[in-house]
Amino acid sequence: VATEEDKRINQENTEKEKEAFDICLKKIEEHGLEMKLIDIEYTFDNNKVIFYFTADGRIDFRELVKDLAAIFRTRIELRQIGVRDEAKMIGGIGPCGRQMCCATFLGEFYPVSIKMAKEQKLSLNPAKISGICSRLMCCLNYEHQVYEENIKKLPDLGDRVQVLGTNKTGIVMDINPLFVTAKVNIEKSDGTIEVEEIKGEYLKVVEEGVVKPADVEEIDINLDELKELED
């Protein structure tokens, strides 16, 4: 439990961090370094000051460290962080209207991929699947395991399937992993097509990959453009 003395030291450190932030900003400008200062942290015992920053590449900040060490007369650490860590430190409101997961309860970051968004049948519009950090939203990972399990219970797009207990056959044109259903173009005896949404448990694959949906190639092209959201 923090004592009154601990609280006093913490408050003093907070005030010193604000002052150190302004000083560091000026020094970064003086040295002409292309880096963005995000936050500063004094260790409780004041033995070290940590400066968190982002940058597009490697930064030679040796001269900056010398200047800061001379000013603060303690150990200096400049720590480069990613855009996700930046968002975690700054905080904010996510697209869902709630406080960002990373700034509240998310202890560490887990890999998030475009494949997750695709399997969850989400729009591949970057504005709809990326967070404040301009990277894929962490919440895409929360239910992904459920979607993966449900997809295993469904046929692939383009497969010819038979509806169990009937003589109906058709081509799978879409799947819904959330409800474990597939939209099937049922081929009727008069040559017409009737679209039915059928539970995966009632479908049996009789021939794989009969048809390649027209939009598959277009989606793959978009995925290449969206890869940068995974970084």
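## Salt bridges in the model

The side chains of Arg8 and Glu5 form a salt bridge, with 2.4 Å from N to O. Here, a salt bridge means a side-chain nitrogen of Lys or Arg within 4 Å of a carboxyl oxygen of Asp or Glu. This is a predicted model, in which local features need pLDDT of at least 70, side-chain atom pairs count only at pLDDT 80 or more, and totals for chains, interfaces and linings use all residues. Residues are numbered from 1 along each chain as its sequence is written, and side-chain values use heavy atoms, leaving out hydrogens and water.

Both Arg8 and Glu5 sit in helix 1 (residues 4–31), three residues apart, about one turn of the helix. Helices (H or I, at least four residues) are DSSP runs numbered from the N terminus, as are strands (E, at least two).

A second pair, Lys115 and Glu119, also meets in a salt bridge. These two are four residues apart in helix 5 (residues 114–119), about one helical turn. Glu119 is buried, at 16% relative accessible area, while Lys115 is partly exposed, at 46%. Buried means under 20% relative accessible area, exposed over 50%, and partly exposed in between (1.4 Å probe, protein chains only).

| Pair | N to O distance |
|---|---|
| Arg8 and Glu5 | 2.4 Å |
| Lys115 and Glu119 | 2.7 Å |
| Glu194 and Lys188 | 3.7 Å |

Salt bridges with shared partners also link Glu5, Arg8 and Glu12 into one network. Across the whole structure, a search finds 18 salt bridges.
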